[in-house]
Structure formats: structure tokens, C-alpha cells
Amino acid sequence: MKMILRWFPYSDDSVTLRQIRQIPGVGGVASCLPKIPVGEVWTKDDIAALKSIVAESGLEMEVIESVNIHEDIKKGLPSRDRYIDNYIKTITNLGGAGVRVLCYNFMPVMDWARSDLAKPLPDGSTVMSYVHDEVVKMNPETIAKSMEGKSRGYSLPGWEPERLGAMAADIEFYKSFTQDMYWSNMKYFLDAVIPAAEAADVRMAIHPDDPPWPLFDLPKVITDARRVRTFLSLNDSPYNGLTFCTGSLGVNEENDLPAMIREFGGRIHFAHIRNVRKLGAKDFDECAHLSDCGSLDLFGIVKALYDSGFDKRFTGYVRPDHGRMIWGEQARPGYGLYDRAIGAAYIEGLWEAIGKMGV
Ligand code: DNO
């Protein structure tokens with residue numbers, strides 16, 4: 001298992017590479033190049049520059065999160081072929097630079113959504129929170145504005161300004177869409193890019209929908225075991241795999257996470273591990289990583305990853321995710337240093353104990 005942390009380059013992160021380097025067990029980062037417009041090629045030079053900044057701090061950059069998918073690909077427009085060609089070039093360039101896993105998502109219009117980015121908890125920390133009735137009362141633009149207003153000045157990944165302008169029109173566009181049309185556009189994308197991913201030795205790892213239920217009548221992709229099966233069957237290559245995000249999948253009552261890990265283990269290339277405290281069928285707070293702090297059994301999750309041979313068949317990458325904002329830290333919501341560092345040490349502790357006790 002390789003423990004890494006998400007890190008945003010070019011002064012868009014309060015957390016530094018030097019700090020990340022000092023977290024025990026953390027050897028690398030999952031990074032990105034958010035300044036490159038969605039759909040354009042990540043050149044060898046862009047990637048090499050990013051990699052050298054990371055390497056100077058003694059860290060690896062074997063995971064990229066994310067290269068976003070142009071909306072025309074999801075919509076299946078004729079212009080998709082140009083964007084898919086660009087995506088293939090990006091994959092090839094990333095593979096050449098030693099990147100082994102590419103985390104991306106195929107959610108229409110928007111990435112993740114929350115109703116509050118800094119809900120105060122009784123212990124004085126703050127967390128991101130989701131109340132379904134509040135989210136559906138808003139429209140994507142008001143959600144975007146509310147998220148931006150609470151983001152402490154950081155750009156929120158997945159809510160890049162260039163996406164916001166077209167949101168209302170995009171939502172309208174998908175009203176005439178069936179789920180099957182969406183799957184078929186996804187298959188078209190996968191069948192085009194997976195051979196390039198195999199050639200470049202870059203495992204594609206799709207991120208689940210967050211939250212994992214319908215919003216604004218948009219098509220959904222990765223929300224439960226049934227849909228994961230459909231997704232994986234679209235292209236059988238082991239390079240067509242998953243980012244297993246416990247927080248995203250874990251708020252759906254139907255999802256038995258350890259069972260899903262056991263079923264899909266061979267196709268899980270990257271794990272985002274966090275806990276959530278469920279407050280209702282579709283309401284939740286994020287929380288500290290420990291099982292006792294939330295609704296998920298982190299021991300059961302880490303054990304299932306361990307048992308699935310996560311770090312034996314291929315070096316499985318793991319990162320702690322979100323957690324709380326503690327000790328007065330001012331950081332990008334979901335990406336503070338302290339609670340993620342505590343989360344990383346906790347996950348590593350579980351991993352070591354499971355390995356040594358043979359439980
Ligand atoms: C949220 C993240 C997501 C993820 C993307 C991958 O915190 O896990 O934004 O990076 O969905 O494309």
C-alpha cells in the first residue's frame with residue numbers, strides 16, 4: 001500500500017510539500033494541473049515541471065487527480081473525438097512521466113456537492129455537510145455560489161469557474177437524455193482511451209458520484225454495486241478500474257463497502273478513505289476518520305482492501321480524505337493538513353495491525 005496525500009500546485013494549497021513529506025508513511029502526492037483548460041492536452045513539459053516540484057521535496061507523483069472530462073464527451077457531441085484524442089495524448093504523456101494511476105470522474109455537469117463547507121461541531125472543529133432538502137432547493141449556480149463563498153478563497157476542484165457558466169444549459173440538455181445514452185457515451189470514451197492507457201501503463205480509476213443519488217434529474221454513474229458492475233463491463237480491461245471512495249459510496253445505505261471491495265478488488269487502483277456520520281437517508285456530516293467517530297467501519301474497509309491483495313497484485317494507492325478542519329487551520333475545505341495526517345496514521349495503523357495479526 002502506498003499512502004499519498006492530495007496536493008494542489010502553484011500556490012493553490014495551504015499545505016506544503018515539506019509538511020506532507022513529514023507525515024509518517026506518506027511517500028507521494030496525487031496532484032493535478034488545474035490551469036490547463038478542460039479538454040486540452042497536458043504536455044510533457046507541463047507534467048515534467050509539476051513532477052520536478054514534487055520530486056524536489058522527496059515525494060513521488062505516481063497518481064494524478066484529476067484530468068477532467070470535457071462535457072462534449074459526456075454529451076456524445078461530434079466534437080468529442082477531438083477531446084478524446086487530446087485525452088489520449090495526456091494519458092500517454094502522463095505514463096511517460098511515471099504516472100501509474102489516473103483518477104477522474106464522469107459525473108454530468110458538476111463534481112461533488114455539499115450544502116455546507118464549514119459546519120461547526122461541538123468540539124470546535126468544522127466539517128463539510130450535506131442536507132439533501134437544502135441542496136435540492138438550490139440550483140447548481142446557487143450551490144456553486146454558496147460553495148465558492150465558503151471556500152476560503154481556494155478554487156474548489158470540480159467547481160472550476162469555466163464550468164459554472166454553462167451549468168444551467170447543460171442541465172437542460174440532459175433532460176432529454178436516458179441513462180442508456182449516458183452509458184453508451186461512456187463506453188465510447190472508454191473503448192477509445194483504455195488501449196492508450198494499457199500502452200502507457202496508466203490505470204484509469206473512475207471516482208464515484210458524490211453524493212451517490214440523483215440530483216437535478218441528471219444521469220448517475222457510479223453509485224452502487226450494480227452500477228459499478230455495469231461500468232466495469234463496458235470495457236473489461238483491468239486498466240478500466242475504480243477509485244474506491246468510502247465517503248462517497250458509504251452514504252448510500254445499500255452499499256456494503258467491504259463486500260464491494262471484495263467483489264471489485266482486482267479493479268480498485270486507488271482508495272480514498274474517509275468516514276461519514278449519517279444523519280438521515282440522504283443527510284450526512286463528514287467527520288474524523290476513526291470508526292468510532294462516524295457511521296463506517298474503517299477496520300472492515302481496510303481489512304477488505306488488505307484481503308483483496310490491494311498492494312500485492314499492484315501497488316495500491318491510498319489517500320486519507322477530507323476529515324475535519326481542526327486546531328484553527330485555514331485551508332481549502334476538505335483538504336486541511338492536520339486531520340488528514342491523523343487519518344493517514346490511523347489507516348496505516350490498521351494496515352500494520354491487520355498484516356501482523358493475520359486477522
Ligand atoms: C472530492 C474529490 C473529487 C475527485 C474527483 C475526481 O473531494 O474526491 O473531486 O477528485 O471526482 O475526478
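## Arginine 262

Arginine 262 is found in helix H12, residues 257-264. This is a predicted model. Arginine 262 has 14 C-beta neighbours inside 10 Å, so it counts as partly exposed.

Arginine 262 is in contact with Ala304, Asp307 and Ser308, leaving aside its neighbours within four places in sequence. Alanine 304 is 42 residues from arginine 262 in sequence. In space the pair is 6.1 Å apart, C-alpha to C-alpha.

## Helices H13 and H14

The axes of H13 (residues 298-307) and H14 come within 10 Å. They cross at roughly 60°. H13 is therefore oblique to H14. The crossing is right-handed.

H13 supplies Leu298, Phe299, Val302, Lys303 and Tyr306 to the contact. H14 supplies Ile347, Leu350, Trp351, Ile354 and Gly355. By type, the residues of this contact are eight nonpolar, one polar and one charged.

## Helices H4 and H9

Two packed helices are described by the angle between their axes and the distance between the axes. For H4 (residues 80-96) and H9, the axes come within 9 Å and cross at roughly 20°. Angles under 35 degrees count as roughly parallel, so H4 and H9 are roughly parallel to each other. H4 passes H9 in a right-handed crossing.

On the H4 side, the contact is made by Ile84, Tyr87, Ile88, Ile91, Thr92, Leu94 and Gly95. On the H9 side, it is made by Phe189, Ala192, Val193, Ala196, Ala197 and Ala200. The residues of this contact divide into 11 nonpolar and two polar, with no charged residue.

## The nonpolar core

The largest nonpolar core has 97 residues. Leu102 and Val193 have the most contacts inside it. Helix H9 (residues 179-200) gives the largest share of this core, nine residues.

Which residues does valine 193 contact, leaving aside its neighbours within four places in sequence? They are Ile84, Tyr87, Ile88, Ile91 and Met204. Ile84, Tyr87, Ile88 and Ile91 also belong to the H4 side of the contact with H9.

## Valine 63

Valine 63 sits in strand S3. Is valine 63 buried or exposed? Valine 63 has 26 other C-beta atoms within 10 Å, so it is buried.

Not counting residues up to four places away in sequence, valine 63 touches Ile4, Ala30, Val99, Val101, Cys103, Phe270 and Tyr317. Isoleucine 47 is 16 residues from valine 63 along the chain. Their C-alpha atoms are separated by 12 Å.

## Proline 208

Proline 208 is found in the loop between S7 and H10. With 29 C-beta neighbours inside 10 Å, proline 208 counts as buried. The cut-off for a buried residue is 20 or more.

Leaving aside its neighbours within four places in sequence, proline 208 is in contact with Ile222, Thr223, Cys245, Ser248 and Leu249. Alanine 168 lies 40 residues from proline 208 along the chain. The C-alpha atoms of proline 208 and alanine 168 are separated by 23 Å.

## Cis peptide bonds

Where does the chain place proline 211? Proline 211 is in the loop between strand S7 (203-206) and helix H10 (225-234). The peptide bond from aspartate 210 to proline 211 is cis. Its omega is near 5°.

The peptide bond from glutamate 65 to serine 66 is also cis. Here omega is near -5°. Serine 66 lies in the loop between strand S3 (60-65) and helix H3 (71-75).

## Positive phi outside glycine

Serine 11 is not a glycine, yet it has a positive phi of about 60°. Serine 11 lies in the loop between strand S1 (2-6) and helix H1 (17-21). With 6 C-beta neighbours inside 10 Å, serine 11 counts as exposed.

Tryptophan 327 also has a positive phi, near 55°, and is a residue other than glycine. Tryptophan 327 is in the loop between strand S12 (317-320) and helix H14 (338-357). With 11 other C-beta atoms within 10 Å, tryptophan 327 is exposed. The cut-off for an exposed residue is 12 or fewer.

Methods. Residues numbered from 1 in each chain as written. Predicted model: local features only at pLDDT ≥ 70, side-chain atom pairs only at ≥ 80, totals over all residues. Core = buried A, V, L, I, M, F, W, Y, C linked by C-beta atoms within 7 Å. Helix = DSSP H or I, 4+ residues; strand = E, 2+ residues; numbered from the N terminus. Contact = placed C-beta atoms within 7 Å. Axes fitted to C-alpha atoms, helices over the stretch in contact; angles between N-to-C directions. Parallel < 35°, antiparallel > 145°, perpendicular 65-115°, else oblique. Left-handed = near helix turned anticlockwise from the far one by under 90°. Nonpolar A, V, L, I, M, F, W, Y, C, P; charged D, E, K, R; others polar.
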